[in-house]
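Here is a short briefing on one protein model. Look through the sequence and the structure first, then work down the points.

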Amino acid sequence: MMTNSYDLPGFFHVVSARRSPAFASAHNSVIARCAQVKPLLAARYFLVTFLVVMLHAAVAPGGVSAWAAPPTVENGGNSAEASQPPNAEPAVVFAGRIAGDNTSTRLFFDFDREIKFSKFFMEKPDRLVIDGPQMLFRFAEPELIEPRGLVSFLRYGAITAQKSRIVVSLAGPAKLNRFEIVEIGEPKKFRLVIDLVPTNPAAFTRAIAEQRALIGTSGEVATKGDRVRVGEKRKGRFTVIVDPGHGGIDGGAKGGDGTREKDLTLAVGRRIAEKVAAAGPFDVKMTREEDVFLSLGERVAFARRSQADLVISVHADSLRQKWVRGATVYTLSKRASDELAHELAESENMSDLIAGLDNPQEEDVVQDILADLTARETNVFSRSFSRILVGRLGKEVNLIKNPQRSAAFVVLKAPEIPSVLVELGYLSNKEDEKLMVKPEWQESVAEQAAAAVVAFFKPRMD
Ligand SMILES: [Zn+2]
């Protein structure tokens, strides 16, 4: 799947062509348009900067104030001394470059202040992960960080509210010849210089084992469930979890008009949560209420810790089949109901990989779970809710053909909680995108979802 990225120049924001083909072409055409104004260097600079800022608006929480000014260091070199006090403005990454070939690749990233990084390698797929404090990525010339040499793919963004991450996907096993911060320019700015050279697979695996002994498994991300104290379950009330898909470094799909899945799922998720809470004896919780990354495991753990009675995960993905449109409700199954469902689950389950976490063995996990008796019983309830929800949604919105589908979605694997994943529509489809951003449309979807929740719990009420 990573190989999809090779034939897409400048395509480093999203994980694969399958994940977001619409965005790839939009992005490339943006680059093409920028190239036409090449003689007007200043105009081009500002246009590119503006577009990059727009594309990355939400992966840089709290960054609005930093957008206004071009990337200069205020107060002479003073900011250099302070590493990063708590609640500081995010560091601005204003330039970057990837150069070299398969025998040696150099990357650098330029910052407006000195910051500390931690780094580690991961395998299957091979990656170098660089963690730092909150960073605002606005590369002046994004074409300079197009993957090349040992770098097959680059992704960057927020991983928690305080932490940003750069994930460098590798074309093969590699090691660091240099990882160093140097001062550049006047006034003083800072450059992280990274030199990668190839290494053999055995040495790479050995290096990862050594690193693990030193720093643990990597990718520790704040666990949402840990921060939340879950109260006693109240009698006669039901706990419903609304799970807006993606967030932070994982933007999800991107529509032709620029709609980001992670924003859409949050907007609609909020409406659903509100309507459900008002519709009956429901305690509604959201897995995320802001633009942060949450691993799939954390989402499931949060639902389990909350002793949830129902999980509704909200998405609006992209499909290769651009003509496909309409809402779809997915439940968990070992074997996908159809090829489309299979591809979608595969792409959805990549979320953790995008953020530089270990690749869970999804298929095994799902298989084990469905062997469990509780899980099988739960699955009956999931499908029952899916049926009710499809019935309600069908009154108001356009449904896909065969709207009840199933596949091995990791986020649906809590064995004791009925769970569904709703694709509101598909951002790869123009009409769907236009519709999904409309507040009235979102509101009626939320109303129908709430009505479905009421109908689902009705037999267990009073
Ligand atoms: Zn999604």
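F409 touches Y330, L332, A345, E348, N349 and L421, leaving out residues up to four places away in sequence. Two residues touch, or are in contact, if their C-beta atoms, placed from the backbone, lie within 7 Å. This is a predicted model: local features need pLDDT of at least 70, side-chain atom pairs count only at pLDDT 80 or more, and totals for chains, interfaces and linings use all residues. Residues are numbered from 1 along each chain as its sequence is written.

**Nonpolar cores**

- F409 belongs to the largest nonpolar core, which has 57 residues.
- V240, L310, I312, F409 and A449 have the most contacts inside this core.
- Helix α13 (residues 439-457) gives the most to the core, with eight residues.
- A second, separate core has 33 residues, including I115, L150, V167 and L170.
- A nonpolar core is a set of buried Ala, Val, Leu, Ile, Met, Phe, Trp, Tyr and Cys residues joined through C-beta atoms within 7 Å.
- A residue is buried if 20 or more other C-beta atoms lie within 10 Å of its own, exposed if 12 or fewer, and partly exposed in between; C-beta atoms are placed from the backbone.

**The six-stranded sheet**

- Six strands form an open sheet in the order β11-β10-β12-β15-β13-β14, with mixed pairing.
- β11 (282-286) and β14 (399-407) stand at the edges with a single partner strand each, so one side of each has no neighbour in the sheet.
- On average, neighbouring strands of this sheet are turned by 20° against each other, direction ignored.
- Strand β13 (residues 327-332) pairs with strand β15 (residues 419-423) in the antiparallel sense, over three bridges.
- In that pair, T328 stands opposite E423 in β15.
- Two strands pair if DSSP finds at least two bridges between them.
- Helices (H or I, at least four residues) and strands (E, at least two) are DSSP runs, numbered from the N terminus.

**Helices on this sheet**

- Helix α8 (residues 339-348) packs on the sheet and touches β13 and β14.
- The direction of α8 makes about 60° with that of β14.
- α13 also packs on the sheet, touching β10 (238-244), β11 and β12 (310-315).
- The direction of α13 makes about 160° with that of β12.
- Axes are lines fitted to C-alpha atoms, for helices over the stretch in contact, and angles run from 0 to 180 degrees between N-to-C directions.
- Which residues of α8 are buried? They are A341, L344, A345, S347 and E348.
- Seen down the axis of α8, these buried residues fall within an arc of 165°, so they line one face of the helix. The arc is that of the directions from the helix axis to the C-beta atoms.
- The buried residues of α8 pack against β13, α9 (351-354) and β14.
- In α13, the buried residues include Q442, V445, A449 and F456.
- At 1.5 Å a residue, the 19 residues of α13 should span 27 Å, and its end C-alpha atoms are 27 Å apart, which agrees. The expected span is 1.5 Å times one less than the number of residues in the helix.

**The four-stranded sheet**

- Four strands form an open sheet in the order β3-β4-β7-β6, with antiparallel pairing.
- Its edge strands are β3 (118-122) and β6 (151-158), and each pairs on one side only.
- The twist averages 15° from one strand to the next.
- β3 and β4 pair over five bridges, and F120 has V129 in β4 as its bridge partner.
- β3 and β4 form a hairpin with four residues between them. K124 in the turn has a positive phi of about 55°.
- Strand β4 (residues 127-133) is mostly covered: six of its seven residues are buried.
- β4 and β7 pair over seven bridges, and the bridge partner of G132 is S164 in β7.
- β6 and strand β7 (residues 163-170) pair over seven bridges. Y156 has I166 in β7 as its bridge partner.

- In β2 (residues 104-111), T105, L107, F109 and F111 point to one face and are buried.
- Strand β1 (residues 91-101) pairs with β2 in the antiparallel sense over eight bridges.
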